[in-house]
Amino acid sequence: MRLQAPVIVFLALFALAPSVQAQQQDALKKEMIGQWELSTTERSKTCVVTMKPDATPQGLKLELEPSCATALPFTKDITGWNVKGLDIVRLQDATGEAVLDFTEVEAGILEGVRPGEGVYILQNLAAARSLAKSMDQMIGDWAMVRGNGNIVCGLTLTNNDAGNDNFQVFLKPKCDPTVAAFAPTAWRLERGQIMLMSARGETWRFEADDNAQWRLVPDTADPLIMLRQ
C-alpha cells in the first residue's frame, strides 16, 4: 500500500525532530558556557556562576563563588546545570530536579521564578558589570535644560529600589510646569536610554547624543536635555 506524499513528509519531519532538538540543545549549551551573574531583579543580591561543559553525575559542571550561599541561600542545593527541552536552562540539584529554571527574555538575559520568592535574573557577567558601572555613573544630580541652555528643573537619580527594576528619582523645587506635571518618581537604564517614569505610568525616554547629552525622544525644535551636574 503506497503512502501519500503528505504522510511521507510528516514521517520524515517526525524522524528529524529529535535530531533538530539535540542540535538546538547543543547550541544553547555552548552559548551558556562561561561566567554569569545570578541575581534578584534589582541586583541587591548577586552571585557569580561559572558554567562548564564537563559532564558529571549531577549534570554539567558549574562553580558558585563562595558568597553565593549567603547572598542567595537556595544556591546551596545547586550541584549542576543542564538544558531541558529547546530553551530551558536548568540549575539543578543532585537528583536532577530543578532548583531554578531559566528562559531567555532578551539577548544574554534569562529569567526564572522561584514560587514564593520571586523572579531571578541570569545575565552574562561582563554585561551585568558593564550595566552596574553605567548605573553607578548615572546616580547623582542632573539638570534639565532647554535647547537655549536655560535650566528648567533639577533632579536627583538615586539607587534606592523603587520596585520592578526601577530606582527612585527626586525633583528639586521650582521646576518648569511641564516637568512638574509629569512628576517622575522612578528611573532606570534600558537599552541605552534613561527612562523616567511617573506614578501614573507615563514614561519619558532620553537618548545620549554626540555631545554626551541626553535628549528627550522624539526630538523637537525646542529639545529637553538632561545634563550631569
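**A tour of the strand barrel**

Begin with the barrel: 8 strands close in the order E9-E10-E11-E12-E13-E14-E15-E16, with antiparallel pairing. Neighbouring strands of this sheet are turned by 35 degrees against each other on average, direction ignored; the axes behind such angles are lines fitted to C-alpha atoms. Strands here are DSSP runs of at least two residues (E), helices runs of at least four (H or I), numbered from the N terminus, and two strands pair if DSSP finds at least two bridges between them.

The model is predicted, with local features requiring pLDDT of at least 70 and side-chain atom pairs pLDDT 80 or more, while totals for chains, interfaces and linings use all residues. Residues are numbered from 1 along each chain, and side-chain values use heavy atoms, without hydrogens and water.

Now select residues 140-146, strand E9, together with residues 151-163, strand E10; 6 bridges join these antiparallel strands. Within this pair, Val-145 has Ile-151 of E10 as its bridge partner.

Next, select residues 184-190, strand E12. Because 6 of its 7 residues are buried, E12 is largely enclosed by the rest of the structure. Buried means under 20% relative accessible area, with a 1.4 Å probe and protein chains only.

Leu-189 stands opposite Ile-194 in E13. Finally, select Arg-191 in the hairpin of E12 and E13, where 2 residues lie between the strands; Arg-191 takes a positive phi near 50 degrees.

Key. Axes are lines fitted to C-alpha atoms, for helices over the stretch in contact, and angles run from 0 to 180 degrees between N-to-C directions. Buried means under 20% relative accessible area, exposed over 50%, partly exposed in between (1.4 Å probe, protein chains only).
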